[in-house]
Amino acid sequence: MTLRRTLLTLLILLVSVSTLVACSGTSANFKVGMVTDSGTIDDKSFNQGTWEGVVQAATELKIDKNYLKPAGTTEADYLASIGNLYDAGFKFIVCPGYKFSSAIYKAQTQYKDAKFVLIDAQPTDADGNAVVATNTVAIFFAEHQSGFLAGVASAVELKTGEFGFIGGMEIPAVQRYNWGFQQGVAYANANLGTTITIKAENVIYQGTFSDVAGGQQLAATMFDKGVTAIFCAAGGVGVGAINEAKTRATQGKTAWIIGVDVDQFADGIYDTTNNKSIVLTSALKGIKTAAYDMIIDQKDGKFPGGQTLTFDASNDGVGIPATNPNLSAATTTAVAGVLAKLKAGTITVASTQGDLIK
Amino acid sequence: MQGVWDLIRLIFPYAIVFTIPLLITSLGGLFSERSGVVNIGLDGFMVFGSFVSAYTIKLLMPVLPNGDLAVWIGLLAATVAGAVFSLLHSFACVTLNANQVISGTAINMIAYAVTVYIARTITGSGNITIVHGIARTDIPVLSQIPVLGDLFFKSTYATTWVVLLILVVFAFILYRTAFGLRLRACGEHPHAADAAGINVYRTRYIAVAISGAFSALGGAAILVTYSGEFNGNVAGLGFLALAALIFGKWKPLGILGATFFFGFAATIANVSQVIPFFTNLVDKSPFWAPLTLKAFPYVVTLIALVFFSKTTQAPRASGLPYDKGQR
């Protein structure tokens, strides 16, 4: 009997302590939640970028934050996670990823007193019509401009050779990276005296964001066929490609990867003493800034509900990293020139396929 | 025909690299099942091995003067840790007579969760990237042999040869030593083995430890060869290794063939998108689309299992807890 009583007391103590902890530490009036897309919270890419923005804002505002990883990648999984966050009092929910479009469409009407930030997509109904409710903001990035700048930078740096592209799933954001990259290379060939070729067979979408082995084998095959640099917009598939390039670099062969979403230079380091990396440059998009800005706007009562925002070169929402150890000063200058023209509108980058490859 | 040869020569080394972790994991599964313990926790052991090696290598790489040494220590650490981790499975299945499938499932769930949790707690991220893995080299002289040199001795990793050596040694142990005979007896008829004076529990403990060690080595081999990053999963290769074990009829040579078949088919499916030979085929008939190619090995396995199921050669006592009192 005594044992049971002791256990019971302990249990009650535990419960009350955890409730106390849960209640303390909040000073602002909302909690920020995030639901991850396929992949993990530390994918060094999309999820991580968003989460870093959430963490930064939540730390500054001293508010609660939490993220949930859905059991799968279907609409039902996403809705379940959103519901769980909502029930736990997280009424400001950030969802990064194209695949959330239908889930957010339902959630924004179901949870009218919650705010949603949808990155990379607009909420869409079953017929594919975009409906951004007043409690939702949809955020797009001009990935084509980001890919364009990375394409220009890589072409100017390497001057001659063959480039390739490995995408993850064939979804709009990845496609725009690809098309922008091809336009960037073409622009450099036409205006900056480079002779880079991209063969149709070396532009592919692997089909997942997680197949590391697939990424390694695809990159290996491309490099074997004479490709010198591969632009990877492919999450975990890119991890395999980066590893393959590192293996080649340690053997003294030429193999470059152009990173995506965040600055991937550190991931490509194969020689720590000389800080040598196979990541030539990265095509960035300001996911972190976007997530951060929305939370701050909410705090200031300026949440742009119902709007669809686009982050592009004109508001520094996309670009290449500020420092690129693998790019020469001449290349950096050339890219800065192109960026200025892009901002001024003298260069336009198409966000559609046109006659580009895939 | 020239095109086909070039193609095979191009992808063969990559197919081997993909096969080796599967092979060693499958061999681990073979030892466990031949002793009478089903081990569907292979995938979890692989993840565990991948984690232990990644963390060890990350720790040692800056300290040791020679990076390759760190990689080898990492592989060894994973193997030992896998054997220790497997004690959980053998304790549940052998000592406590628990359902082996449930225990294996629990091992998988624990491994996926615990490794990422530990990684996050001690490194701040659930992904651990290593600076470099094992070097890829052409073997001198042998790689100059026509045909064979191109296929087997170019772009190879040392892990490939280590694993093949382990396969030979352990196949010998299984079939040509007293220990091997006893181990197989425990998987076929543990009561008879017990009556003959064999300690069934101890034999099964050792066998499960071998399977844990080998699967962990498999996970570590993935890390130091083609992935370079621990991220909390091995893409379900542990289950593929299990399928290869059945496809290979619980025999060392059989699993060598089965895993290579999987490895080769998976590699073709992966790279077919960038090979004009295949993209041309896709233009002619959608049958050759990457998706079909990816499904191919699984479909073949299913068909093969249907045909083999009548004459299945699974160890008879596999999956049954050993109960001394039962007759």
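1. The radius of gyration is taken over C-alpha atoms, and the globule rule is 2.2 Å times the number of residues to the power 0.38. For 327 residues, this rule gives a compact globule a radius of gyration near 20 Å, and the 20 Å of chain B agrees with it. The C-alpha atoms of chain B fill a box of roughly 65 × 55 × 40 Å along the principal axes.

2. This is a predicted model, in which local features need pLDDT of at least 70 and side-chain atom pairs count only at pLDDT 80 or more, while totals for chains, interfaces and linings use all residues. Residues are numbered from 1 along each chain as its sequence is written, and chains are lettered from A and ligands numbered from 1 in the order in which they are written.

3. Chain B has 13 helices and four strands; helices (H or I, at least four residues) and strands (E, at least two) are DSSP runs, numbered from the N terminus. Buried residues, those with 20 or more other C-beta atoms within 10 Å of their own C-beta atom, placed from the backbone, make up 50% of the 327 residues in chain B.

4. Between the chains, 30 residues of chain A are in contact with 28 residues of chain B, contact being C-beta atoms, placed from the backbone, that lie within 7 Å. On the side of chain A that touches chain B, α7(A) gives the most, with ten residues.

5. Most residues other than glycine have a negative phi. B:V141, although not a glycine, has a positive phi of about 65°. B:V141 lies in the loop between β2 (136–137) and α5 (148–153) of chain B.

Notes:
Contact = placed C-beta atoms within 7 Å. Buried ≥ 20, exposed ≤ 12 C-beta atoms within 10 Å, placed from the backbone.
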